[in-house]
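Subject: Handing over the structure

Hi,

Here is the structure I promised to pass on to you. Please open it beside this email, and I will walk you through what I found.

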Amino acid sequence: MTTFDQYENDSMLELDKSWNPDFEQWLGYCMTSGRIDPNLYQEYDVKRGLRDSTGKGVLTGLTEISDVSGHKIVDGRRIPVDGSLYYQGYSITDLINSHKNRRFAFEETTYLLLFGSLPTRKQLDTFLKILAELQTLSVRFVRDVIMKASSENIMNALQRCILTLYTYDEKADDISVSNVLRQSLQLIAKMPLIAIYSYHSYRHFRKEEDLLIRNPKKGLSFAENLLFMLRPDGKYTDLEAQVLDTCLVLHAEHGGGNNSTFTTHVVTSSGTDTYSAMAASIGSLKGPRHGGANLKVQNMFADIKANCDWSDPEALRAYLELILDKKAFDKSGLIYGMGHAVYTQSDPRCVILKNYARALAEEKDLMEQFQLYERVEEMAGEMIMNKRQLFKPVCPNVDFYSGFVYSMLGIPTELYTPLFAISRVSGWCAHRLEELVNQGKIIRPAYKYVGHHKTFAELDDRQ
């Protein structure tokens, strides 16, 4: 007889027929019991995904932190326009342009998101000093938490480490705005270390590299320290640091309706602690439909390069047709990185990042690779519209170029989504504080029961 003692190393039981001969039957019950007639969603006008029939998000809250728009209203009609993104009222394009040839763009953006205004020189200096003081992890935490039970999935490591930080905080459950602000600053400062150390620990555990635990340098920006801690020689160019700094700014915030930020609001509204709220948001971002999209784009381009003559426009178009027809790549019918729930004509983040991708490709002599991305971008929008019979434009989103940029920066794929989290935690913390300041009700949308009430008299003999 199989017993739990036969499974070593605290591994999870493999719930298959060898352990339980009824497992397949149980699976059948789940598939049957859990299936809902799809016609009922239309009958009861259910806003699946909290979206209406046009794909527009259902209004569930108010925010002053950021504004995302891809339409304008003309004579009562929604007209697609170039996308716009505002942080605390400032256009993302203006913010990026104001930081050209300057460091600490992400830190200034974090200050803006948390406090509602751009910092003065003195305010920024103080803010940078505080972040630098908080940007530490004890040897004990690195040894006992990060290096033990290391995981290939760094998002999982981030969740586990953040939840463990709860036990190091004497005021972990205090959800006063002052205490949550303190906790937020600490998490923003420590996230880069947790991610980079978790990556190096896993690689060392797999015997793929010597253990590299390098403390961040005082005076360096978040972007500079990320490259410094990640690379064996700690070296990087000014352009590389500027591009990564820009990526962090572009990913720091995107309205209250995106899945992970909405998760922040939902979990915060329950009155739970900051560490639980941030771990929940990371769990949302970890999903391939959200934070993992840029890796999907990278895998798709690798597949394109391996399976067609991508220097020939007609061959490239033919292969994209195969992808859309579910005959190539992962057979999902999706050209990843194309399309967005809000943006139509353009995603402002993608427009900005494309220019930096071009500059980086020129520095690294990778213009042929960049031109491939451009060609796919030019072809894919029209092809998707024709294939899906869509009446609104389809533009590339920020994920289209971000994976390519990360690859040129030498960032390993395991850190693509964690970099997103390192950036977006600034936005999550701003939204958590906003939820607490406004003392909102616990978020509780409705689900309609469409099953059947039963009585025990209807049961057959269960012997």
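Before going on, a word on the source. This is a predicted model, in which local features need pLDDT of at least 70 and side-chain atom pairs count only at pLDDT 80 or more, while totals for chains, interfaces and linings use all residues. Residues are numbered from 1 along each chain as its sequence is written, and side-chain values use heavy atoms, with hydrogens and water left out. Helices (H or I, at least four residues) and strands (E, at least two) are DSSP runs, numbered from the N terminus.

**α9 and its surroundings**

The axes of α9 and α10 come within 8 Å and cross at roughly 115 degrees. Here axes are lines fitted to C-alpha atoms, for helices over the stretch in contact, and angles run from 0 to 180 degrees between N-to-C directions. On the α9 side the contact is made by F222, A223, E224, L226 and L227, and on the α10 side by E240, A241, L244, D245 and L248; contact means heavy atoms within 4.5 Å. Sorted by class, the contact of α9 with α10 has seven nonpolar, no polar and three charged residues. For these classes, Ala, Val, Leu, Ile, Met, Phe, Trp, Tyr, Cys and Pro count as nonpolar, Asp, Glu, Lys and Arg as charged, and the others, Gly among them, as polar.

Helix α9 covers residues 222–230, and nine of its nine residues are buried, so it is largely enclosed by the rest of the structure. Buried means under 20% relative accessible area, exposed over 50%, and partly exposed in between (1.4 Å probe, protein chains only). The cover over the buried residues of α9 includes α4 (105–115), α5 (121–134), α8 (177–205), α10 and α18 (416–437).

Helix α11 (residues 259–269) packs against helix α12 (residues 274–285) at an angle of about 150 degrees, with their axes 8 Å apart. That makes α11 roughly antiparallel to α12. Angles under 35 degrees count as roughly parallel, over 145 as roughly antiparallel, 65 to 115 as roughly perpendicular and the rest as oblique. This crossing of α11 and α12 is right-handed. N259, S260, T263, T264, V267 and T268 of α11 make the contact with S276, A277, M278, A280, S281, S284 and L285 of α12. Those residues of α11 and α12 divide into five nonpolar, eight polar and no charged.

For helix α6 (residues 139–146) and helix α7 (residues 154–165), the axes come within 11 Å and cross at roughly 130 degrees. The two helices, α6 and α7, are therefore oblique to each other, and their crossing is right-handed. F141, V145 and I146 in α6 meet R160, C161, T164 and L165 in α7. Five of the residues in this contact of α6 with α7 are nonpolar, one is polar and one is charged.

**α15**

Helix α15 (residues 348–363) has 16 residues and reaches 23 Å from its first C-alpha to its last, close to the 22 Å expected at 1.5 Å a residue; the expected span is 1.5 Å times one less than the number of residues. Among the buried residues of α15 are P348, I352, Y356 and L360. Their cover includes β2 (77–87), α3 (92–98), α10 (238–251), α16 (367–388) and α17 (399–408). A359 also lies in α15, and at 28% relative accessibility A359 counts as partly exposed.

**Some single residues**

Most residues other than glycine have a negative phi. Just after α15, though, D365 takes a positive phi of about 55 degrees. L50 has a positive phi near 50 degrees and sits in the loop between α2 (39–43) and β1 (66–74). D75, in the loop between β1 and β2, has a positive phi near 50 degrees and counts as exposed at 76% relative accessibility.

Lastly, N294 lies in helix α13 (residues 293–307) and counts as buried at 1% relative accessibility. Leaving aside neighbours within four places in sequence, N294 is in contact with D399, S402, G403, Y406 and Y416.

Happy browsing!

Definitions and conventions. Left-handed = near helix turned anticlockwise from the far one by under 90°.
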